[in-house]
There are 4 protein chains.
Amino acid sequence: MFIYQKVIENPGAYSFEITKLGVPALLSPVKGREFVSDDELIAFSSQVKNIERLFHLGTFPAFQKAGPREKIFHDPAWTKAAIVTCGGLCPGLNDVIKGLVKILALDYGVGTIYGIRYGYQGLSPKYRHEPFLLTPEMVDGIHELGGTILGSSRGNQDVSEMVETLIRHDINILFCIGGDGTLKGARDIAVEAMKRNQKISVIGIPKTIDNDLAFVEKTFGYETAVYQTFDIITCAHNEAEGAYNGISIVKLMGRDSGFIAAAATLANSVADFCLVPEIDFDIDGDHGLYAALNRALDKNRHAVIVVAEGAGQKFFKERSETKDASGNVLHSDIGIYLKDELNRRFKAEKKEFSIKYFDPSYLIRSVAAQGTDAIFCHMLAENAVHAAMAGKTNCLIGHWNNFFTHVPIPLATIERRKIYPEEALWKGVVSATRQNDYFGY
Amino acid sequence: MFIYQKVIENPGAYSFEITKLGVPALLSPVKGREFVSDDELIAFSSQVKNIERLFHLGTFPAFQKAGPREKIFHDPAWTKAAIVTCGGLCPGLNDVIKGLVKILALDYGVGTIYGIRYGYQGLSPKYRHEPFLLTPEMVDGIHELGGTILGSSRGNQDVSEMVETLIRHDINILFCIGGDGTLKGARDIAVEAMKRNQKISVIGIPKTIDNDLAFVEKTFGYETAVYQTFDIITCAHNEAEGAYNGISIVKLMGRDSGFIAAAATLANSVADFCLVPEIDFDIDGDHGLYAALNRALDKNRHAVIVVAEGAGQKFFKERSETKDASGNVLHSDIGIYLKDELNRRFKAEKKEFSIKYFDPSYLIRSVAAQGTDAIFCHMLAENAVHAAMAGKTNCLIGHWNNFFTHVPIPLATIERRKIYPEEALWKGVVSATRQNDYFGY
Amino acid sequence: MFIYQKVIENPGAYSFEITKLGVPALLSPVKGREFVSDDELIAFSSQVKNIERLFHLGTFPAFQKAGPREKIFHDPAWTKAAIVTCGGLCPGLNDVIKGLVKILALDYGVGTIYGIRYGYQGLSPKYRHEPFLLTPEMVDGIHELGGTILGSSRGNQDVSEMVETLIRHDINILFCIGGDGTLKGARDIAVEAMKRNQKISVIGIPKTIDNDLAFVEKTFGYETAVYQTFDIITCAHNEAEGAYNGISIVKLMGRDSGFIAAAATLANSVADFCLVPEIDFDIDGDHGLYAALNRALDKNRHAVIVVAEGAGQKFFKERSETKDASGNVLHSDIGIYLKDELNRRFKAEKKEFSIKYFDPSYLIRSVAAQGTDAIFCHMLAENAVHAAMAGKTNCLIGHWNNFFTHVPIPLATIERRKIYPEEALWKGVVSATRQNDYFGY
Amino acid sequence: MFIYQKVIENPGAYSFEITKLGVPALLSPVKGREFVSDDELIAFSSQVKNIERLFHLGTFPAFQKAGPREKIFHDPAWTKAAIVTCGGLCPGLNDVIKGLVKILALDYGVGTIYGIRYGYQGLSPKYRHEPFLLTPEMVDGIHELGGTILGSSRGNQDVSEMVETLIRHDINILFCIGGDGTLKGARDIAVEAMKRNQKISVIGIPKTIDNDLAFVEKTFGYETAVYQTFDIITCAHNEAEGAYNGISIVKLMGRDSGFIAAAATLANSVADFCLVPEIDFDIDGDHGLYAALNRALDKNRHAVIVVAEGAGQKFFKERSETKDASGNVLHSDIGIYLKDELNRRFKAEKKEFSIKYFDPSYLIRSVAAQGTDAIFCHMLAENAVHAAMAGKTNCLIGHWNNFFTHVPIPLATIERRKIYPEEALWKGVVSATRQNDYFGY
């Protein structure tokens, strides 16, 4: 991936420290675990050629290893923790909440855990959303439910107001579960609290169903989301096969990156095209989608197109220049755009065809995390609690080379990870779809 | 239901005969079964009060019982059968195809079974869709697949052309699996063949996922469709709960009747509103949807609206009178209409809210039939073969009071079944949603 | 079915009345419904030949139609209802509980509803199981859970003790959800209460996953159970195909009747044998299972055997005569018996083979009811409440010819329904498996 | 994990080379990929403290990176490849087969690909299992099916015979998909072929649903298996809750390691006990399972026990010493053993209880791989083809620190990976179940 090369070549440019509220001085009440020290690091690259080069450079990029610390900063007896979930739904939100509550209450003995309602709105008094008090008993079965028991909202609130809410309620630990915007909000809260000399640990748990955080190799919910696409792709294939020149267009998540679209295509390899933001394509011309689609139809009499929501955004720029009054919704929806554009061309050529459009995003986002993804949520939560109790702040829990890591929020939000066309995932997609043959490359 | 009363009161008005191509003279090769005679009838009503009244009237409405006949009309050794699937996908199409092929080949010894491709198009030479030859081995695993292995198309073709295709290929049995339009096509083929003195049995297997055929109490695919809605309603509920004043609108099938919407609402009783074509509603006013929705939100802070695609069609009539230039697509889609209208009102009132729209139709239609629904498909197919071999034509296989029946196609296509507001299904919906309280009735 | 013929021939022998505690005198608070009078009856048979014969006999067998009555017996303001679930798990228990609570509380305004814990044990003071108080809010989401929130137990308790518990707590309505034994217990409670001149309505909701109640054409949970078998049969088929002469034996529920086994076989028609209690079979001899299995293996190199738990019980009688010390468990389990016996014969003949045994019963019983089955549960509950409030007792809610019915418990427990080999279900199984060819019939 | 420490401390002890049949001299026909050179290595450890230590030792343990090579050894035009699947079913077998066929045929242009039937038996002439010829069209839909289209068998065959079969049919590439025993067989075939100076690439694709290969961090099928356990654990919980002192025992795969049991417990955290081979336990005594179970029942009135099949094997050693005549089957099944032993103790104490036993192994093994697991299968297959075409032999495709690797088979089969009690997975299990509290530790 792109970011990867940059770190290897210039590791110093990505130098960030994990912020600590102070020196941890209390013995951890956690029993029977191997404690991890702050000195333990996970190498950025596990490729020997990179390790050798970086060793010679002297600045060896690495992440701090997450895990329970022998000494903690916050006194559990005085600790009041709060949990907030922000942004769109994602499988695993309730698993993370359950994990946080269980570890806080049962491993550390924290007695007061607030569930903040409806995202950052719940930290702003003007919305009057009263928080819950969360207990281990309350959260016992929530891992079987999709969504978030806390509710969510989009957007940030006034930082100063939010920090005042925390202070007013003596909250010294805040867990922020959310995407890019949420994490930036968490960063601002952490910084503002420090400015006011408040010892508040703000720990992020990154939530992006698109799995495209630059310094985190895997985010929760993604795996379940990919599983969830399997039957949808089968349905799209059945619909396409059911008509002469039947075409199914499946729009999947992925505003900036096409990981879910690519994974869905490869996991249930009956699709003929996968369109992602990272790979440019045209509609017209000999190498365009319309010509390619016609080649696919000539061969199979049906075709399935998987398209990430962020693919082909160039079409909307062109369009908005020419058409001023056009609504926002139609313009940004590549799925509907493709449906309309292909429709128009087929009709103009008086071809027999049939297009069906699938937009299953909410049916993917809102299910419960399962299997290994649910385990991942639990472990993120566990490590978030360890980080918080040890007095870290302005950091999030990442995963790198099979270890959970501490990642400074300012680092994690620098850039998004993208599909790199030369890598195995995209190569697999091209091999499974054979779309390059249709595009004429 | 409405039709019901009319039959009870004036049974003579619904007098139709099952058409026979001739006198069945060959002994059936079917072994080990109880044969059914053409005299066996299934009463229209099983309510004693109706039975008594009708007995006195002298014309007792009843259906001919389906099943294997002791004597058959078509000689299996000379029989060439054909199967065609038309219209939109529906769970169970492949089960019906599999059942037809297995019973024809293994129970009757019919050697030639054509799979007509892409609906009635496959009977018109101008489309050049070559038919398959279907064998029991080929269809062995197709019940696990959604869709139809034959492909489908909408609309009818020239009747004369289709009958000529049948004659040219010596096809003496045609099974037409499809909805209202398809069945009318089947009727026309049957009538045209008879006019030309061709001994062609045309047997319909009614396919309406909406389960709204007037003289057939249950159609295949409906049951699986209702099962399929369960997780979708849960997802919609999760999305609604996940936001402050979160609203999920789920559009389900049901152009003329709301059976699927009502069943989905009752099966997973977390929805707050169910809107169907049979029950009128307004958007504005004290008893309107907007007011009702606000009452629901005031109580629960979220709401789920299930809406059948044919609900609220009056809004489009009004609209098209006042707004001339408006596009076709937006007008006929009640789901998007509601989303837009509610959106506008909430915004105008500057309320905090969030609407999510679900249109899962293709994800319901295209799955494989399961469980008791798959069994139902098998039995429809079996009875269709018995009817065909016995030389019936212009009839379809229905189900009434727990028996499979022969229904003349002209009768079956008279009228559609609708939800009757006083009956248990709708009462259950009202009870489960408590929507009348919200509407203020 | 057998019982059917007997009723047609001698309807007088099955004459039972629905017991009423007294004359209903209060106006029902239920709004907007069509009330049903006690005179409305549903004919036992909807076949015209039977109707004609029975009319002439003068005693026309019919069930009382269930539904809301205009006048009720119990005063909602003074009513205390109780719900008890008994016997093994079955999909839909929680739907029925939810339905009962919602209708009692919201339609009738009953304020006190006890959830009796762990079956009839909860009515016996010696077990000290404290009851719950059930509210509409508490039961709101339970339809998504399998099992029963009340817990269950097998077996009856002392009738006198149970009635005293009801009296002590002023309970005037008891809903008993369970099978044959439970319903007999409910009958005894009803009779004992009447003897003591207590106005207690005891209403049964029949629960038999095997769907084999004689005067009830469909019981809740059966449909979901059949859906649940689909993937299990696929897995069994995959395992069988995965080995040379691979054999999968799937034992399904069905102690006295083979409905689930037959339905599972027909719904996912990849099985080669279906063995049920109603159809005798041998293991040895030219028409025996071993020879048949070898014929199937010679053809396909693998075979799937579905066996109902009550099939082949004759083998255990023989065995226990010869082997005295043998344990109970092994003897009554036909699945393990077949596995062992086939194993022994293959080994003796030094054949290459591999047998896998599936016993998925608990994975079927313990899931939540879905789709149309969940709706059926709701309607059973609704009708049970109507019956109870109207002062019926010692009856259960049945379903017949598409109507919900009142069935006297003594009638319902006379005999079990069985697969009738000449009927469509079994014919379909024989046709789908082609097992008669293998057995050499 | 144990093996880990040993490698870190004494990396030289694990020095193995990847065997090459000769110098690759042909240009690869693979287009548009970044080629990987044999010098590219993936570090054994990504922990900086280990990297530093190892660098100073001079022997830095690392795996050869897998991927397409610029020059290949086998000429595609002359290549005949064969695929064999061995041992028990595992999700993903068909994905791997599909991937191998697609990449061989479409990326390399290999024209002849044999599917060997029923494991190594298919390479021994005495079984007379004729191979398939596999084409890309044939395998197109097999990823949706569980099991293996090739069939499988357990155990190895005579190496000399198998090599002769390969030679007789001019097969120069053999892919062996299987577990420990299969891989040892693959190793023997590779060595024997080299002895005979035959240029045959033998590439292993490791299949262990238990995910316990020492030098491979993840094996295919494991992830799907863990997903598959989710509903089973829910069912077990429903059954346990449904009875007073209800106990469900769920036996899961894991002969030598408890990864699936631990993962299942953590993924659906409603279990109370997780018993694995790596952690010793007793049944009696104050810290024994019986006492622990009673503590759990006193708290919750129900309990779920998840047990790996290899847990508590010490009980069988003791038993077989005392009881000589006892059968093999009962002895080695820890699930049934626990059921019987607990049963006996509860009965002796005359406690009210109910035990249900779940053995879902075949329902987990035989499903199709989904989601990210299916992608993993595709990539394993792709890398296996690259390794084979490049002339590697006696090696398998592994995965380490996010890269696909070449692992010499003799290395991979040295030892099995086990749960390390101090690590996060087991800690999570202990935290989710709270079983140490019950055991009194």
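Me: What makes chain C and chain D count as being in contact in this predicted model?

Reply: Residues are in contact if their C-beta atoms, placed from the backbone, lie within 7 Å, and by that rule 26 residues of chain C are in contact with 26 residues of chain D. On the side of chain C that touches chain D, α6 (222–241), β14 (354–358) and α12 (361–365) of chain C each supply at least two residues, and α6(C) gives the most, with 6 residues. By class, this side of chain C divides into 11 nonpolar, 11 polar and 4 charged residues.

Me: How do you know that chains C and D are related as by a two-fold rotation axis?

Reply: Chain C is superposed on chain D by a rotation of 180 degrees with 0.0 Å of shift along its axis, at an RMSD of 0.0 Å. The two copies are thus related as by a two-fold rotation axis.

Me: How many residues does the contact between chain C and chain B take from each chain, and which elements of chain C supply them?

Reply: This contact takes 43 residues from chain C and 44 residues from chain B. The elements of chain C that give two or more residues to the side touching chain B include α2 (48–57), α3 (93–107) and α13 (371–389), and α13(C) gives the most, with 7 residues. That side of chain C has 19 nonpolar, 12 polar and 12 charged residues. A rotation of 180 degrees with 0.1 Å of shift along its axis superposes chain C on chain B, with an RMSD of 0.1 Å, and 98% of the interface residues of chain C are also interface residues in chain B, so these copies too meet through the same surface.

Me: Which chains do not touch, and how far apart are their nearest C-alpha atoms?

Reply: Chain A and chain C do not touch, their nearest C-alpha atoms being 10 Å apart; chain B and chain D do not touch either, and their nearest C-alpha atoms are likewise 10 Å apart.

Me: Why is strand β16 of chain B called largely enclosed?

Reply: A residue is buried if 20 or more other C-beta atoms lie within 10 Å of its own, and 6 of the 6 residues of β16(B), residues 395–400, are buried, so the strand is largely enclosed by the rest of the structure. Burial is found on both sides of the strand, for C395(B), I397(B) and H399(B) point one way and L396(B), G398(B) and W400(B) the other way, and all are buried.

Me: What makes β10 and β17 of chain B partners of β16(B)?

Reply: Two strands pair if there are at least two bridges between them. Strand β10(B), residues 201–206, is joined to β16(B) by 2 bridges and runs parallel to it, with I203(B) having C395(B) as its bridge partner. Strand β17(B), residues 403–408, pairs with β16(B) in the antiparallel sense over 6 bridges, and here H399(B) stands opposite F404(B). The hairpin of β16(B) and β17(B) has 2 residues between the strands, and N401(B) takes a positive phi near 45 degrees in it.

Me: Why are β3 and β8 of chain B called edge strands?

Reply: In chain B, 9 strands form an open sheet with mixed pairing, in the order β3-β4-β17-β16-β10-β9-β6-β7-β8. The strands β3 (41–43) and β8 (132–133) of chain B each pair on one side only, and these are the edge strands. Further in, β4(B), residues 62–65, is joined to β17(B) by 2 bridges in the antiparallel sense, and Q64(B) stands opposite H406(B).

Me: Why is S332(A) called partly exposed?

Reply: A residue is buried at 20 or more neighbours, exposed at 12 or fewer and partly exposed in between; S332(A) has 15 C-beta neighbours inside 10 Å and therefore counts as partly exposed. S332(A) has its place in helix α10 (residues 328–332) of chain A.

Conventions:
Residues numbered from 1 in each chain as written. Chains lettered and ligands numbered in written order. Predicted model: local features only at pLDDT ≥ 70, side-chain atom pairs only at ≥ 80, totals over all residues. Contact = placed C-beta atoms within 7 Å. Helix = DSSP H or I, 4+ residues; strand = E, 2+ residues; numbered from the N terminus. Nonpolar A, V, L, I, M, F, W, Y, C, P; charged D, E, K, R; others polar. Least-squares fit on C-alpha atoms with pLDDT ≥ 70 in both.
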